[in-house]
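User: I'd like to go through the charged pairs and then the pockets of this one. Can you take my questions as they come?

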Amino acid sequence: MFEKVEQIEKKYSELGETISRPEVIQDYEIFRDLSKQRKTMEETVNIYYQYKDAVNAIKEAREMLHSEKDSSMREFLNNEISDNESKIEEYEHKLKVLLLPRDPMDDKDIMLEIRGSAGGDEANIFAGDLMRMYLRYAQNKGWQTKIRLGNN
């Protein structure tokens, strides 16, 4: 798994260097395509960096633990180790999910229609609540939304 992540990290760095070249910046189409490609790798690379930081923190804490005499500091270091070990498990799970093949439909737009329909005022109130929920979810994900009202 980590060989694949390291390949992604290497490709991510290479794309960053390529995107910063003046000839690439001037060609909007190439710049856009490379930026999109790099953006798809960004979360994986960031999680991998967090994973590596947690591994290094555990290593440093264990080294300090061997020479530490103060009991409160030893307790702090043990807590640091256990906290980072739990983070490592979380990061490994996230990396496994991020390495799954992407669905080609992931980058496509959707249209969602919400109607109050039968049920009178209560149904319309519920439809409004549902719409606000979906709008907030989309906002939290950083997605663009467009509301079209009416019977069209």
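User: Is Asp-129 buried, partly exposed or exposed?

Analyst: This is a predicted model, and in it Asp-129 counts as partly exposed, because its relative accessibility is 39%.

User: Which residue does the side chain of Asp-129 meet in a salt bridge?

Analyst: The partner is Arg-132, with an N to O distance of 2.3 Å. Both residues belong to helix 5 (residues 120-141), where they sit three residues apart, about one turn of the helix. Arg-132 is likewise partly exposed, its relative accessible area being 39%.

User: Which residues do salt bridges with shared partners join into one network?

Analyst: That network consists of Glu-29, Arg-32 and Asp-33.

User: And how many salt bridges does the structure hold?

Analyst: There are eight salt bridges in the structure. One of them pairs Glu-85 with Arg-62 through their side chains, at 2.7 Å from N to O, and this pair links distant parts of the chain, since Glu-85 lies in helix 4 (residues 71-98) and Arg-62 in helix 3 (residues 28-67), 23 residues apart.

User: What accessibility do those two have?

Analyst: Glu-85 has 33% relative accessibility and so counts as partly exposed, while Arg-62, at 41%, also counts as partly exposed.

User: What about Glu-90, which residue does it form a salt bridge with?

Analyst: Glu-90 forms its salt bridge with Lys-94, and the closest N and O atoms are 3.2 Å apart. The two are about one helical turn from each other because they are four residues apart in helix 4. Glu-90 is partly exposed at a relative accessible area of 41%, and Lys-94 is partly exposed at 34% relative accessibility.

User: Switching to pockets: how much space lies in the largest pocket?

Analyst: The largest pocket holds about 1500 Å³ of space. Its lining is made up of 30 residues, and those nearest the centre are Ile-110, Met-111, Leu-112, Thr-145 and Lys-146. Sorted by class, the lining has 14 nonpolar, seven polar and nine charged residues.

User: And the second largest pocket, which residues lie nearest its centre?

Analyst: Thr-40, Met-41, Glu-43, Leu-98 and Arg-102 lie nearest the centre of the second largest pocket, out of 19 residues that line it, and the space in this pocket is about 520 Å³. By class, its lining divides into eight nonpolar, three polar and eight charged residues.

User: Which helix gives the most to that lining?

Analyst: Helix 3 gives the most, with six residues, and helix 1 (2-19), helix 3 and helix 4 each supply at least two residues of this lining.

How values were computed:
Residues are numbered from 1 along each chain as its sequence is written. This is a predicted model: local features need pLDDT of at least 70, side-chain atom pairs count only at pLDDT 80 or more; totals for chains, interfaces and linings use all residues. Side-chain values use heavy atoms; hydrogens and water are left out. A salt bridge is a side-chain nitrogen of Lys or Arg within 4 Å of a carboxyl oxygen of Asp or Glu. Buried means under 20% relative accessible area, exposed over 50%, partly exposed in between (1.4 Å probe, protein chains only). On a 1 Å grid over the protein atoms alone, a cavity is a set of points where a 1.4 Å probe fits but cannot get out, and a pocket is an open set with protein on both sides within 12 Å along at least five of seven lines; lining residues have an atom within 4 Å of a point. Grid points are joined across faces, edges and corners, and a volume is the space filled by probe spheres set on the points. Ala, Val, Leu, Ile, Met, Phe, Trp, Tyr, Cys and Pro count as nonpolar, Asp, Glu, Lys and Arg as charged, and the others, Gly among them, as polar.
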